[in-house]
Amino acid sequence: MIIATDMPEVSRCAASQCAYNSNDACHARAITIGDGADPDCDTFFTNSRHTNSSRTAGVGACKMEDCKFNDDFECSADSIQVGLRGKSQHCQSYTH
Ligand code: SF4
Ligand code: SF4
């Protein structure tokens, strides 16, 4: 069974080394934001092969309960962008 879910769009991601990234966009089905105490992409991983998918990713889950857009461990923003901060892939829409 395929589950249809409305998710905020990941409109841009600068982590070009991630296996889900091509052309500054995320093509995972859904990502999870929140890595420990940081609003980083927890779906990030590197691989020599990158996805062939052209779909636009959604935010499936977010652990950052202290973000103003977080509602019951989910993101309620219209869309988010993921950028680089040091070595991490950071939700730029995170608002404490
Ligand atoms: S949002 Fe996360 S999973 Fe998607 S390309 Fe960026 S780092 Fe990778
Ligand atoms: S905007 Fe806030 S709630 Fe949405 S993914 Fe980013 S940190 Fe999580």
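**Contacts, core and pairs**

Author: Leaving aside neighbours within four places in sequence, V10 is in contact (heavy atoms within 4.5 Å) with C26, I31, T56, A57, G58, V59, I80 and V82. This is a predicted model, in which local features need pLDDT of at least 70 and side-chain atom pairs count only at pLDDT 80 or more, while totals for chains, interfaces and linings use all residues. Residues are numbered from 1 along each chain as its sequence is written, and side-chain values use heavy atoms, with hydrogens and water left out.

Reader: Which residues have the most contacts inside the largest nonpolar core?

Author: In soluble globular proteins, nonpolar side chains tend to be buried together. A nonpolar core is a set of buried Ala, Val, Leu, Ile, Met, Phe, Trp, Tyr and Cys residues joined through side-chain atoms within 4.5 Å; buried means under 20% relative accessible area, exposed over 50%, partly exposed in between (1.4 Å probe, protein chains only). Here the largest has 19 residues, and V10, C26, I31, I33, V59, I80 and V82 have the most contacts inside it.

Reader: How many salt bridges does a search of the whole structure find?

Author: A salt bridge is a side-chain nitrogen of Lys or Arg within 4 Å of a carboxyl oxygen of Asp or Glu. The search finds two. In one of them, the side chains of R12 and D24 meet at 3.5 Å, N to O. In the other, K63 meets D42 at 2.8 Å, N to O. K63 is partly exposed, because its relative accessibility is 47%; D42, at 37%, is partly exposed.

Terms used. Chains are lettered from A and ligands numbered from 1 in the order in which they are written.
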